[in-house]
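Have the model open as you read.

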Amino acid sequence: MWNSEESAEEPFASGSDASSLKHFAPAGKGPWEAVPDADWHNWKWQLKHRVSSLKQLEPLLPTLTSAERAGAILANTKLAMGITPHFFNLIDPGDEDCPIRRQVIPRLEETDTAPWEMSDPCGEDSHSPVPGLVHRYPDRVLFLVTDRCAAYCRYCTRSRLVSNASGYDFHPHFEDQIAYIERTPAVRDVLLSGGDPLLFSDEKLEYLLTRLRAIPHVEFVRIGSRIPVFLPQRITPELCEMLRQFHPLFLSIHSNHPRELTTEVRDALGRLADAGIPLGNQTVLLRHVNDDVEVMKAHVQKLLMCRVRPYYIYQCDLIAGSAHLRTSVRRGIEIMQGLRGHTSGYAVPTYVIDAPGGGGKVPVSPEYVLSRNNERVVIRNYEGRVFEYPEAEDGTPLFDRPREIEAPELA
Ligand code: SF4
């Protein structure tokens with residue numbers, strides 16, 4: 001890994017034991033060592049210098065594989081390639097299966113589409129009363145504000161529109177989106193997403209938040225953003241000062257691997273938390289990225305150290321060209337089993353499948369209720385020990401002595 005002279009802290013070790021996974025280290029400047037600090041820490045400089053072509057990528061990553069080279073040539077026709085220098089520095093050039101690399105460097109496998117894969121797996125377009133606004137659940141809407149992100153994730157569920165590489169022609173009309181919310185009193189919760197809303201200037205974001213806050217029935221606004229992870233330089237004190245005017249305002253970040261939680265990211269998240277913004281994290285379960293109990297446990301524990309509550313683990317949507325990144329649901333359940341009871345409850349997210357076609361999020365969990373009738377509930381704990389608990393339908397327990405029972409009694 002490239003080292004940084006900015007900090008005395010140790011760079012990332014490439015090992016996967018819990019202590020190295022939970023170690024905080026700076027991303028550092030890596031091959032951009034000659035760039036002045038003022039530029040490096042400037043989010044606009046980071047955006048302008050994204051790695052977005054094979055020509056830029058090859059000299060920076062001499063270990064590029066033929067599948068990645070082919071993928072990078074084909075990128076920008078499906079979902080653009082774009083990697084901020086900050087995030088690029090987290091790639092381990094010596095590891096073809098580096099979990100960071102797999103998320104942002106295209107591979108040839110993206111051109112394979114399985115029959116069950118889709119361009120809009122969550123059926124967002126068919127649940128849009130006006131362009132750019134998804135109203136799928138009764139009391140909340142998804143407000144898509146832009147098709148741009150700081151970097152592009154190869155498994156993005158919105159790759160049909162994000163980066164505009166496939167000609168979706170996304171042009172949201174804020175006035176139409178806001179007007180729909182104004183005339184729909186059932187909407188009490190608005191999630192700003194995209195693309196990434198934090199790519200907007202402070203002024204543009206402030207305008208949008210002011211308009212939403214002026215709607216009396218909007219109780220709660222959320223922002224979904226991967227910018228604290230891809231571009232922590234964007235989380236300026238000025239941005240945080242502006243955001244704090246709009247409470248209750250929540251922010252969901254998107255981080256998949258403990259290595260993404262650098263010292264720069266931790267500090268950026270600290271600034272948001274200091275502004276009173278509750279932080280949650282959404283993780284996508286990805287093959288060879290985080291489909292491992294120890295990696296996931298280190299990740300959720302490290303998120304808590306960054307003042308972020310792990311919120312969801314998503315089963316990877318059936319997005320076209322993502323089969324090489326998808327894991328089985330069985331694996332996801334095993335990971336949940338490895339978290340519940342084995343670490344703090346605050347660290348345990350909900351594992352969900354977004355039901356194909358627009359069915360919404362469905363929680364998927366290991367079985368802890370083994371049987372249930374009018375008299376008792378038989379439950380299993382995280383160690384596999386079995387207990388019975390009296391059912392109390394009308395406040396009168398029909399079963400008077402709760403006890404641990406031997407598994408054979410289950411038969
Ligand atoms: S940051 Fe979010 S919207 Fe942007 S490419 Fe990644 S998953 Fe898609």
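The buried residues of H5 pack against helix H4 (54-60), where contact means C-beta atoms, placed from the backbone, within 7 Å. Bear in mind that this is a predicted model: local features need pLDDT of at least 70, side-chain atom pairs count only at pLDDT 80 or more, and totals for chains, interfaces and linings use all residues. Numbering starts from 1 along each chain as its sequence is written. Helices (H or I, at least four residues) and strands (E, at least two) are DSSP runs, numbered from the N terminus.

**Helix H5**
- Glu68, Gly71 and Ala72 are the buried ones in H5 (residues 66-74); buried takes 20 or more other C-beta atoms within 10 Å of a residue's own, exposed 12 or fewer, and partly exposed is in between, with C-beta atoms placed from the backbone.
- They sit on the same side of H5 because they cover an arc of only 100° around the axis, taken from the directions from the helix axis to the C-beta atoms.

**Cis peptide bonds**
- Gly194 to Gly195 is cis, omega near 20°, and Gly195 is in the loop between strand S3 (189-193) and helix H9 (202-213).
- His247 and Pro248 are also joined by a cis bond, omega about 0°; Pro248 lies between helix H11 (237-243) and strand S5 (249-254), in the loop.

**Positive phi**
- His288, not a glycine, has a positive phi of about 60° and counts as partly exposed, with 15 C-beta neighbours inside 10 Å.
- Arg307, in the loop between H13 and strand S7 (309-315), has a positive phi of about 70°.

Terms used:
Contact = placed C-beta atoms within 7 Å.
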